[in-house]
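Hello,

Here is the structure you asked for. My notes follow below it.

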Amino acid sequence: MTASQQPPVLVTRRLAPGVIERLTAQYEATLHDDDRAMDRAALLAAAPGRRAVLTTLDDRVDEEFLDAAGPQLEIVANHAVGYHNVDVAACAARGVRVTHTPGVLTAATADMAWALLLAATRRLGEGERLLRSGTPWTWGPNFLLGLELAGTPLGVLGMGRIGQAVARRARAFDMPVSYYNRRPLPIEEAEGADWKPLEELLATSTVLVVTCPFSAETRHLLDARRLALLPHGAVVVSMTAGVVDEEALAAALDSGALFAAAVDNFEHEPAVPASLLAQERAVLAPHLGSATVRTRQAMGGLAVDNILAVLGGGRALTPVRR
Ligand code: GLV
């Protein structure tokens with residue numbers, strides 16, 4: 001098929017049930033109907049002639065991709081709130097709109113932060129592995145003791161939508177909450193949490209949840225030096241790949257400086273550092289933050305609606321703001 005004969009839309013991954021039909025009701029599309037990402041060569045080969053492409057975090061949209069796609073490309077609709085896979089400036093320079101899926105994954109991702117927070121503080125991973133390994137065990141006053149949450153200070157690093165939802169849920173656990181953002185939020189968005197400068201937040205958070213977006217400025221924001229500012233025996237829950245230096249986190253667990261940690265996604269996915277896998281006190285999840293049926297349908301639906309809006313000559317619903 002020549003570029004001009006390709007269906008106008010490329011969808012790079014199998015979507016949640018019911019989503020693709022909303023698109024194909026209006027436009028012909030090529031669907032990579034697989035749960036795995038397209039490899040680079042296949043992605044570049046599939047790009048020419050498209051007006052829209054629905055991408056996931058595994059699809060790199062850079063100059064090479066844009067060259068392969070051609071000048072008729074109108075929109076890259078990323079199926080994620082993050083967009084580190086997309087060269088937004090390069091798209092803007094060519095007039096290609098870039099959209100993402102904020103808002104619809106907030107509740108699911110905040111729930112997962114709490115699932116991991118509870119698993120890490122109450123040592124659920126260790127307990128499960130112990131039972132499954134057939135190791136003899138018995139209840140005892142000192143057996144697998146965890147960290148109690150009521151009254152324990154919670155720090156939220158990055159008080160965007162997801163951080164605010166994490167803070168809201170903390171009320172049910174009677175945890176006092178502080179947060180760091182570049183700027184303090186208006187009081188009505190702060191969920192009762194106090195703003196603190198970053199280093200003060202770290203020094204006073206027994207449990208720290210990392211929800212800030214990944215960017216050149218936040219890469220390895222929590223490096224060995226900043227991790228060392230946390231109180232002895234703190235717990236770190238990381239919901240954004242690349243913000244916490246994974247090797248430094250493993251070292252802080254290994255030395256006993258941290259009580260536990262939980263990580264939902266990784267800087268070089270699908271690789272997980274051996275140093276973290278070796279830590280009993282690390283709860284490790286394979287990027288499950290937004291993984292519920294309802295949220296994945298909403299994310300896919302929003303990506304599709306952005307495509308329908310732009311191809312229909314309208315404005316993107318949720319453009320990435322530069
Ligand atoms: C992360 O998984 C995202 O949606 O950006």
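The shell around the ligand divides into 4 nonpolar residues, 2 polar ones and no charged ones (Ala, Val, Leu, Ile, Met, Phe, Trp, Tyr, Cys and Pro count as nonpolar, Asp, Glu, Lys and Arg as charged, and the others, Gly among them, as polar). This is a predicted model, in which local features need pLDDT of at least 70, side-chain atom pairs count only at pLDDT 80 or more, and totals for chains, interfaces and linings use all residues. Residues are numbered from 1 along each chain as its sequence is written, and side-chain values use heavy atoms, with hydrogens and water left out.

Leu57, Ala80, Val81, Gly82, Leu105 and His287 surround the ligand (a heavy atom within 4 Å). Polar contacts are pairs of N or O atoms within 3.5 Å. A polar side-chain atom of His287 lies 2.5 Å from a ligand oxygen atom. For a backbone N or O atom, the distance to a ligand oxygen atom is 2.6 Å at Gly82 and 3.0 Å at Val81. On its own the ligand has 190 Å² of accessible area, and the protein covers 79% of it (Shrake-Rupley method, 1.4 Å probe).

Next, the sheet. Its 7 strands form an open sheet in the order β8-β7-β6-β9-β10-β11-β12, with parallel pairing (at least two DSSP bridges between two strands; strands are DSSP runs of E, at least two residues, numbered from the N terminus). β8 (194-195) and β12 (282-284) are the edges; each has a single partner strand, so one side of each lacks a neighbour in the sheet. Strand β11 (residues 258-263) runs parallel to β12, joined by 3 bridges. Ala262 stands opposite Val283 in β12.

Regards

Note on methods:
A polar contact is a pair of N or O atoms within 3.5 Å; within protein, one must be able to donate a hydrogen and the other to accept it, and residues adjacent in sequence count only if both atoms are side-chain atoms. Helices (H or I, at least four residues) and strands (E, at least two) are DSSP runs, numbered from the N terminus.
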